[in-house]
Every structure is written in C-alpha cells, then in structure tokens.
Amino acid sequence: MRLKQIKLAGFKSFVDPTTVPFPGNMTAVVGPNGCGKSNTIDAVRWVLGESSAKNLRGDAMTDVIFNGAASRKPVSQASVELVFENHQGRIGGNYANFAEISVKRVVTRDAVSTYLLNGSKCRKRDITDLFLGTGLGPRSYAIIEQGMISRLIESKPQELRIFIEEAAGISKYKERRRETENRLKHTRENMERLADVRDELGKQLEKLQRQAVAAKRFKELKARERQLKSELYAIRWYQLNEQLNRCEREQAEQETALEQFNAQQQGKESRLIALQTEREQLKSDQQHSQQKLFQLTTEITRLEQQMMASRQQRVRLEDELALLAAKQEELELLIASEVEQQQISADELAAQQEAALLLDEEIEQAQNMLDDAESAVIDWQRRWQASEQAEAAVRQQQALLESKLNHLVQLSAQQGQRLQQVSDELVELDDAELTLELNRLAESLAMQTEQLAEQQLLLAESESVVGDAKMALTDLDSKVHQNELALAGLQAQWQALDSQLSQVAESEALPDGVKPLYQAMTVAPEWTLAVEKVLASFSQAHLCDALAAETAGATGRLLQLSSGAVVASHLLASKVDGEAKYAVANLLRGIECVDTAEQAWQRQPTLTEGQTVISRCGVWLGQHWLHPDVDMVAGPIKLRQQQLMLAEQISPLQVQLTRDKQELQQAQQRVARSQQQFTEQQGLCRRIDAEVATLRQQRHFADQQHSERQLRKQRLQQEQTLLQEQVAEHQAEQELLLAQQLEVAERLDDMGQQDQLRLQKESFDQQVSQAKQQVQQRQQQRQGIALRQENLKAQLTALSQAQQRTEKDRHEALLRKQQLVEELQQHETPDVDQAEQLEILLAERLELSSELELLTEQLSGLDEQTRELEMGQRDVLQHLEKQRVRISDLQIEAEGFRVRARSVLETLHEMQANLKELLVALPDSYSEDEWQQQLEKTTQAISRLGAINLAAIEEYEQQAERKQYLDSQNEDLEGAVDTLETAIRKIDRETRQRFRETYEQVNTDLQHLFPKVFGGGSAHLALTDDDLLETGVTIMAQPPGKKNSTIHLLSGGEKALTALSLVFAIFRLNPAPFCMLDEVDAPLDDANVGRFCNLVKEMSETVQFIFISHNKVSMEMASHLTGVTMQEPGVSRLVAVDVEQAVALAELG
C-alpha cells in the first residue's frame, strides 16, 4: 500500500485544483520559504481526521479554506483527496479487494466537514477505523512536521507510548476496550434499575399475595353459593317440569317451526360474531399501531433532547476553551517578565564579577604595602632588641596591666549596656495588654461556640424539614401520576365511546332541526338495558321539532317533540329524562318496571290487554308472551349512557388532578425553600466553624506568646541580678589595676633612654596598621561582592525554576485545550448520527400513520357490515315474535309453567350449571327451605369478608410472572457482564502481549540503529511502570564520548538524529504505507545529513518517503522532485521533475 497522489482544491494556498503525484518511493518537495510546501503535509493530516486547528497552523478549522489574495477572491470550500494503491490488500475489511482507495474531506465556510470514502459519504470514525493498525493517523509517527522532532524526543512517557501502541497495532484493541467498557457501564446501570424494579415488585407481591388469599376464599364461597343456587333452581325446575310434561306433545309442531326460525337467527348471530371477531382483531391491530406510533414519537422526542444536550455541552467546552486561551496569554506575559528579570540579574552578576577582579588587584597592592611595612618593623626590631631588653619586663607588665584594664573597661561597658537592655526589655515585657487580648479571645470563642451549637441544631431541624418535604413531594408525585393514569384510562374509554357514537352519527347527513334520539334523552343507569331492549327498533331513530317534508330525508324513524303529564314512578317511562322525555313516553306507554325477574313473573298473571312488565335485567313479559333475554350489542342509548357516566367520573377526577398538581407545585416550592434555607444555614455553620477555628488558633498563639513572655521575663530578671554582681566586682578590680599601672608608669619614666626608637616604632606601627586596615577593607569588600554574586546566582536559579513551572503550566493548558477541542469534535459527530436516526424515525412514523389510516378504513367497512347484519337479525327477531304469539294462543294453560321452568333453566344457564348433574346429585329426600337456609348462611359469610379485590389473583400471577421474567433478565445481564469482563481481560491480555513484543523489538532496533547513525554511542527505551497497560515509555541516548544524564542535554542535531532513529526503528517493525518528513534535516550538519540520507535510502526499499528539504544532499537522494512555487502572490503551484529522466536528458545533451 502506498500513497499515489494528493488532490487539493481551495486548501490554504492551493486555490486551484492541484494534483501532487508520488510516483516513486523517494519524493522530495522543494521550494523557497513561504511557498506552501508544508501545506501538503497539513493536507494529509487534515484528511486523516485532524480536529485541532492549531495543529494545522490556524485558529479555526475554516482557516484551511483559501481566504483570498491580491488578485484572487476567497473560495467557499476546501477539499483534499488522498489516493492510495492497495494492490497488496493491506487495508482489510470491506475494502480489501479494492486496488485503489480514495479518502476525501470537504469543509465549507459554515465549518461543516464531509468525509467521503471511494466517493461515498461516511463518518470520521470510518476513516479512523480504516487506518487503525496501519501506522497512519492525524498524529501518527508516519508524519513528522517542523518542530515535531524535538517534541517527539522530549514528549512525556504516555505520549511516547502512543507511538509504540500504533506500531503494535493495538490502537484498535484500545478502541474496542473503550466500547466494551461503555457497554459494561450501561449494562450495570440497567442492572441497578432492574434491581430497583425487582425490589418494588417484591413489595407489591407481598401485598397482592394477601389479597389473592382473600380473593380465593371469596371465590370458594361464591362457588358454594352458586352450587346452592343451582341446586335450589334445579329443585324448583323439577317441580315445574312435572306439570309441563303433559303439555309438551301439543306444542311439538309449533316448536319445530320456531326452531327453524331460531336456526336462521343463530346463523346470522354466528356471522355477526365472526364479523365482531374480525373487527376486534382490526381494532387490536389499530391499537398496536397507535402504541407503536406513540413509542416512535417518544423516541423522536428523546433524540431531540439528546441533540439539545449535546449542543449545550459544546457551548460549555467552547467557554472553557476561551478561558484557557486567556490563561495562555497570561502565562506568555509571565514568561516574558521572568526572562527579562533573568537578563537583569545576569547583567548585574557580570558587573559584580568585574568589580571582584578590580578588588583582587587592590588587595594584592595593599598586601605588598603591608609586607613592606612589616619588613621595616622587623629591621627596627633588630635595632630595638638590644635596648628593649632592659625595659621589656616593665613594659610587658605595663602592657599586661593596660590590656587587663582595657578588657575590664570594655567588659564593664558591655555589661552596663546589657544591663540597660535587660531593664528596657523587662519594661517592654509588661503583659497587661496580652492578658486583655486573651480574655477577649476567650469571650469571643465562647460566644462563637455557642452560636455554632445553635446553628447546628437549626441545621439538623432544616435537614429534617427538607427530608419531610421531599417525602411529601414524592407521595404527591405518586398520587398525581396515579390520577393521571386513571384519567387517561377514563378519557380513552370516553373517546372510544365517542368514536362509536360519532360513527353512528356520521353515517348519514341530517337535515336542520333533526338529531339522533339517543342525544336528546338520559336514562337512569340501572334501567339502561331495559330501555335499550324496548326501544331496540328505535335505537337509531331521530328527533325533530315537527314532521314535515324537510325532515323526511332523514333515514330511520322520526319522533316529534311533544309534551305531556307527569309519568307514574312504576312505569318504565319515568326512568327516562331529557328533551325527548315525552316523545319516548309514548313509545313506553303501558310498560311497567320492576327490580327483579321474579317480580316480573309474579306480576305477569295480573297483566291486562296492552300491559307489559320488564325487569332491570331485561326480562320483558306480556299477558301472553315473553321477549327472550338474548345478548344484545350495546346500542347508542347504552353507549351514550356509559359516556355520561364516564363524564361524571372524569370531571371530579380532573378537578382533583388540578388540585393535586397545585399541591405538588406548592410542595416543590416548599422543598426548594427548605433546601435553600438548609444551604444557607449550612454555609453559615461553615463560616462560624471557620471563625471558631480561627479564634482557637489565635487563642493558642496568644497563650503560647504569654508563656514565652513569662519565661523570658524570668530569665531576664536572673540575668539582671548576675550582671549587677559582675559590674561591682569589675569596678573593684579596675581600681586595683589603675594603682598598679601608676607604679609601672613611674618606673618607665625613670628608664627614658630610648625615646627616639619609640618614636620610630610608633611610625612603623602606624604604617603596618594602615596597611592591615586597607587589606581588611578590601577583603571585606571582596566578601560582600562574593556574597552578592551567590545571591544573584540563587536568584537566577529561582527565576529559571519559576520559568520552568510557568512553561509546564502553559504546556498543561495547551494539552487541556487540545483535549477540549477533541471533546468538542466528539460532540459534533454524534449529532450527525442522531440526525440520521431522527430522519429514519420520522419516516417510520409517517409509514405507521398511513398503516393506521388503512386499518381505520377497514374497521369502518366491518362496522357497516355489522350494522347490516343487525338489521337483518332484527327482522328475524320480529318473525320469531310473531311465531311466539301464535304459539302463545296454544299455551294458555301451560304457558305459566313453561315460562317459569324456562326462567329457571335460563338462570341455570347463566350460572353455567348442568341440570342433569344437579338432579342426579340431589339426595332422595330434599327440602327447598333447607337449601334456602344454607344459601343465606353462605351469603352472610361472603358479606363478612368485606371488600374483595378479585383482580388480585390475576394481578399476583402476572406480577409473579413478571418478577420471574425480571429475575431471568437479571441473570442474563449478569451473564452479559461476565462476558464483557471476559472480553476486556482478553483484550488486556492481547494488548500486553503485543505491547511487550513491539517494545522489545523497537528497543532492539533502536539499539542497532543509534550507533549506526551516530557512529557509536548507545540508546535504549525504558518503561516507567510494571503495568504494561498503563506504563509510559522513556528514551535515553548517549552519543559517542558523552555521558549525559538526561536526553534534554543533547543538542538540536543530536535530538533530531535520536528521534529519527526511534521513528525508523518503529518503521522497521510496522512500516506505515508512507512517511512524510518536513525539514527534519534542518538542524543537521553535512556529515549527519549524509548518515540521514543513507538511512532513508535503506528504508526506502520498504517504505515510501515524502520529504521537504532545503538541503542539496537530501535533494540529490530523491528519485522525483516536486517543486512548489508562488509566482502569483498567495497562490501555490507545482513544478514536478523526474530526476532519472532529467539525468538521462542531461547525458544526451
């Protein structure tokens, strides 16, 4: 794999579309300074994913776009394309079979970057993944720009480790490990949430289990009650059946005809049931689609919120980048100030050194004068020795006395001075003010301690108040959530009913003044079934103000508004209210209402012609007929009634929900206020605590100072007493010495033969004294200058260290800025992915909406077929009614027994009891009264159980099943965690192995290449830690003849050669497709350039080299020269020369 060519357009100074070919393995890019040579290397790094504008020598990413020149206008975008040859298939994956691969990046003035891989749009991550393990990347060891040589060799251990990792090809393993750790983190978060749900389910299961036990007991008693009722009805039926047997033969023929009509009715009912089943299926599909649409809408909202959060994060990162830029400016100013101070100190040090040299000369002259004076004194002493011996003893005695006297005088003066100092210091050590300060500090400390205790109590109370408020807030939040769920359920039921009623109302267009009957009437809830049954044929009737030609266009029956008198309470018409009350009363005329079916059967024998009676459960009886209690589909009247009941439930629930939300808002405000008070009190406690600590420290310091003063005062008093005694003794001794000195002076006066020699001696002594004094003065000045020099050197060292610290801070700020830029770039990439995912979800939502509309149309078609079947069924029911009327004429005698027996059978059927089994199970002797008593006892036992949650059993089973499912999910998650941890361990093991092998191989190659490049010396790599996953890598190099302790002591050329040795050692192990070098030979001399060129030639057999150079020796090494010129100001152009062809042409010429 090799780089074939670079295509640039609008990138920096390459405004025109330019193709830079690389036909050979050694291509040199040459040209004058500032012509744009380094822009080719910047272009390669930019395409490979460089996200830092600073690393591209700019302030913003849009700086890479050509910004105009004297004769050129700025362009709107920049693009760079790299074309690789992949004949060897080094790039794996989906692109292994491509012989040529192109990678392109485009950026516009809006700072929008687009990546293309073989002409197809892709992500930056796709480009990064493509080159993982190949040694290529925006900051890989294959691209070495200006100044990077010194940064490479002086880089931190962790930074140098990155190059070893890239050479080892484990960068992809680190990326996988990071992704695995992220998945592991998400899995553990899911496990925490799952644990919370499981704990909550466990608590619910305990409560539901108790309710389920009570429900089971209730079901057992209810089963016993049903059994007793069934047996009681069986007894009654048996008694009635004995009387019915004698009439059955007469009714056979009429019942046969009735059965035919019943068969026809059942066929229609079967078809109706099938249609209803199909309708329910479509309804279920519709609900499923609606639920899925709701989920998609929720997911779209979540993605939009994530994108908004990402934008906020980018704003925060940009603010921090601005702060770092300001900090860098401050550090630059500080470095400049320190450098200036270093220069001042260095200048002063040089001046002091010059002064020291002058003083050394003066000291030498003064010493010579002293030597001359001392020689004169020695000569005088020879002459004086003879005459001096006579008075030596006397003068020696006089000198001794004078010395002792002078010593006593000086000692007395010193003692007197010290005595005065002691007296003054004792006066100063008066601790009255310090005692007052101690008392003040003690009082302040006591007050602050008491105030701190009070504030801590208030803080505990505030914390308790905050906890209570949060608990109340949680309860209110749960209550609001439950009410919202209940309200949503009721509203959904209301909307379903409204939809059904709307379908009924929209099936036809009504004239003005005409509206459906069910909208103009209300029915008592318990009588809805009875009214619905009686008005079955009028369920879709309409109400009008007056019958006229304008209202004749309405389909169905028409009722005219009317008025009437008050209806008796025992009639069914009294249960109807509303605008159509009197119009409906005409339809319900003569129909009485009773509570139970038994009451209806009791009233039936007393009915006259035209009178009927109906029970709440829908048993409708006439004088000679019975309307069957068949299951009826809920009609518009019942739907309307259910809707009104739901509205009555919704209204108070909405009021309650509004009130709860207000209370919740108030509770949130209370919590906020309580939290604010708690925070303020906490801050006050901290301040008071800090003040108490300060006061305690001040008091401790004052106590210590007081103790020291007392001890010092005691010592001074002792010293004062001792000094007074010594002064008295010295005065007495001084008087004695004065008397002895007078005696010696008298003796010397008597010996006055050598006055002239004495005068000479005084002259010589004066000369020696002056010479010694002059030497001492010069030496003192020399010592002062030496001390100043030492101070200046120490000051220079401190300034150097401060400058190093400032440089370190600046470097750390730079690294932090790069990290922030990378984070900012990382926050840009997910936005694109989220935008694409958002577009996919929006498309899915549109498709679901279309599917939902189709289901709604199919559901409307089924409703139309259902209405048609219901109308046909009503016709069949009318035929059945006529047949029953004919049969009733034949059943005058047996009708009562048959109806009551049938009523019992229907009751047993409703109870799902088998009559034959009941009759067989009955004992030989039985009593209806005995069974009635047992039934009453069972009913009382049921009532004693109180309120029962019958759904608890099913809920318990469902929640238990859910708990079991969640437990299995938890086990799966634990297994997933184990799998991910195993994967991480495997990645770590592979990473350690590859890193160790690569490190050892690179170290071996470095030890081989370094002596080859330098002609001797040694270099090696070293690890900073034993952990191969985290250890850094350092490099140590010692050129021939040097024993430097650190690599920073090397010269610029030595650093460059050392860095090249390391890079080429890495290339030997894992050669990148190409290597780009930008003026790396600049710091090298001719000899080292030759070594560098030899090494590059050797490496070019396996690696493609593209280098920028001004050195003629390096240019001669290249097989192809690419010149970059700037004939037009600000615009770069290419001039390519094939060296071999040029040589051939020159030889021909």
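Here are some questions and answers about this predicted model.

Local features are kept at pLDDT of at least 70 and side-chain atom pairs only at pLDDT 80 or more, while totals for chains, interfaces and linings use all residues. Residues are numbered from 1 along each chain as its sequence is written, and side-chain values use heavy atoms, with hydrogens and water left out.

Q: What percentage of the residues in the protein chain is buried?
A: Buried means under 20% relative accessible area, exposed means over 50%, and partly exposed is in between (1.4 Å probe, protein chains only). Out of 1149 residues, the buried share is 38%.

Q: What share of the contacts with a separation of 6 or more joins residues 24 or more positions apart?
A: A contact here is a pair of heavy atoms within 4.5 Å. Taking contacts in the protein chain with a separation of 6 or more, the share from residues 24 or more positions apart is 74%.

Q: Is N33 buried or exposed?
A: N33 sits in the loop between β3 (26–30) and α1 (38–47). Its relative accessible area is 66%, so N33 is exposed.

Q: Is K37 buried or exposed?
A: K37 also lies in the loop between β3 and α1. Setting aside neighbours within four places in sequence, its contacts include V29, V30, E1079 and H1110. Its relative accessibility is 4%, so K37 is buried.

Q: How are the rings of F84 and F1074 arranged?
A: Searching the whole structure turns up four aromatic pairs. Rings of Phe, Tyr and Trp (its six-membered ring) pair if their centres lie within 6.5 Å; planes under 30 degrees apart are stacked, over 60 edge-to-face, the rest tilted. For F84 and F1074 the centres are 6.2 Å apart and the planes at 25°, so this pair is stacked.

Q: Which ring does the charged end of R161 sit over?
A: The test asks for NZ of Lys or CZ of Arg within 6 Å of the ring centre and within 35 degrees of the ring normal. R161 is 4.2 Å from the centre of the ring it covers, that of F995.

Q: How many of the residues of α17 are buried?
A: Helix α17 covers residues 1052–1069, and its end C-alpha atoms are 26 Å apart. The expected span, 1.5 Å times one less than the number of residues, is also 26 Å, so the two agree. The helix is mostly covered, and of its 18 residues the buried ones number 15.

Q: Which residues does N1003 touch, not counting those up to four places away in sequence?
A: N1003 is part of helix α16 (residues 951–1014). At 11% relative accessibility, N1003 is buried. It touches H1020 and L1021.

How values were computed: Helices (H or I, at least four residues) and strands (E, at least two) are DSSP runs, numbered from the N terminus.
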